Amino acid sequence: MNDDVLNMSLRKFLKKVGVTGQREIENAIKEALASSRLKGTERLPAEVRLTIPAAGLDVVIDGEIELE
């Protein structure tokens, strides 16, 4: 295994996850606000599941998104 290749590949993957995830979350929240499913003052529990079956990785990362 080449540690440099692994490191660069992980950074690329995590950047894609971050950019795509942020865009999807923002769009979902804007749609929920527009349809009055959210008021805009909530604190939203959130979680992401990260899996790499071949490596035996299955982890849930949780957090909270504040709207105000």
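**Salt bridges and surface of a predicted model**

Biologist: How far apart are the closest N and O atoms in the salt bridge of Arg49 with Asp58?

Modeller: A salt bridge puts a side-chain nitrogen of Lys or Arg within 4 Å of a carboxyl oxygen of Asp or Glu. Arg49 and Asp58 form one, and their closest N and O atoms are separated by 2.8 Å.

Biologist: What kind of model is this, and how are residues numbered?

Modeller: This is a predicted model: local features need pLDDT of at least 70, side-chain atom pairs count only at pLDDT 80 or more, and totals for chains, interfaces and linings use all residues. Side-chain values use heavy atoms, with hydrogens and water left out, and along each chain, as its sequence is written, residues are numbered from 1.

Biologist: Is Arg49 buried or exposed?

Modeller: Buried means under 20% relative accessible area, exposed over 50%, and partly exposed in between, using a 1.4 Å probe and protein chains only. Arg49 has a relative accessible area of 58%. Its class is therefore exposed.

Biologist: Which side chain of opposite charge is nearest to Glu42?

Modeller: Glu42 sits in the loop between α1 and β1. Lys and Arg count as positive, Asp and Glu as negative; His and the chain ends are not counted. Glu42 is buried and has no salt bridge. At 6.1 Å, the nearest opposite charge is on Lys39.

Biologist: What is the phi of Ser36?

Modeller: Most residues other than glycine have a negative phi. Ser36 has a positive one. Ser36 lies in the loop between α1 (3-34) and β1 (43-52). Its phi is near 65°.

Biologist: Is Ser36 buried or exposed?

Modeller: The relative accessibility of Ser36 is 61%. Ser36 therefore counts as exposed.

Methods: Helices (H or I, at least four residues) and strands (E, at least two) are DSSP runs, numbered from the N terminus.
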